[in-house]
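Please report on the pockets and overall layout of this chain. Keep the method cut-offs in view.

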Amino acid sequence: MGRFSAVVARTETTLRPTEARAFDYVRFIFIRAGTAVLYSEFGERPVRAGDVVILAPNTLCGSHPEGSLTTTTIYAELDYLVDQTFWQHADALMDRYHAWEFISSRFPDSAHIGLFTNEGVVG
């Protein structure tokens with residue numbers, strides 16, 4: 001990814017399959033247009049425009065687009081997310097450890113795919 005940054009966002013359109021890769025970052029992949037089949041240790045899962053994919057660090061994931069696929073991916077460093085969670089909920093969390101438990105309880109799996117709505121991620 002080049003120079004270190006706590007958060008990086010990239011938008012890209014792809015027409016060809018991408019091989020499964022893992023990153024040291026948490027990835028939030030917003031499917032903006034098109035459809036694809038994601039494949040990884042969680043099996044194969046179809047995604048379409050409006051879906052968001054959340055991948056824990058070191059989770060392999062690749063895709064087979066069905067035509068063109070446009071995504072915006074946010075790469076976020078895990079310690080940064082824990083710190084932001086702690087400060088966002090400082091009135092309810094005692095320390096960074098409790099912030100980590102809070103995040104882990106909301107996203108217990110290494111991969112989560114759902115529809116992104118105004119209320120958050122559903123599914």
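Predicted model: local features only at pLDDT ≥ 70, side-chain atom pairs only at ≥ 80, totals over all residues.

Residues are numbered from 1 along each chain as its sequence is written, and side-chain values use heavy atoms, with hydrogens and water left out.

**Chain**

The chain holds two helices and ten strands. Helices (H or I, at least four residues) and strands (E, at least two) are DSSP runs, numbered from the N terminus. Their order from the N terminus is β-β-β-β-β-β-β-β-α-α-β-β. Of the 123 residues, 33% are buried. Buried means under 20% relative accessible area, exposed over 50%, and partly exposed in between (1.4 Å probe, protein chains only).

Among contacts with a separation of 6 or more, 66% link residues 24 or more positions apart. A contact means heavy atoms within 4.5 Å. The accessible surface is about 7700 Å², and carbon and sulfur atoms hold 52% of that surface. Areas come from the Shrake-Rupley method with a 1.4 Å probe; for residues, only the protein chains shown count as cover.

**Pockets**

A pocket is an open set of points on a 1 Å grid over the protein atoms alone, where a 1.4 Å probe fits, with protein on both sides within 12 Å along at least five of seven lines; lining residues have an atom within 4 Å of a point. Grid points are joined across faces, edges and corners, and a volume is the space filled by probe spheres set on the points.

The largest pocket has about 710 Å³ of space. It is lined by 29 residues, and Val-26, Phe-28, Leu-81, Ile-103 and Phe-107 are the closest to its centre. Elements giving two or more residues to this lining are β3 (26-33), β6 (51-55), β8 (69-76), α1 (78-88), α2 and β9 (111-117).

The second largest pocket has about 450 Å³ of space. Closest to its centre, among 18 lining residues, are Glu-12, Thr-18, Arg-27, Ser-63 and Tyr-75. β8 gives the most to this lining, with four residues.

**Tyr-97**

Tyr-97 sits in helix α2 (residues 96-106). Tyr-97 is exposed, at 52% relative accessible area. Its C-alpha atom is 8.5 Å from that of Val-82, 15 residues away along the chain.
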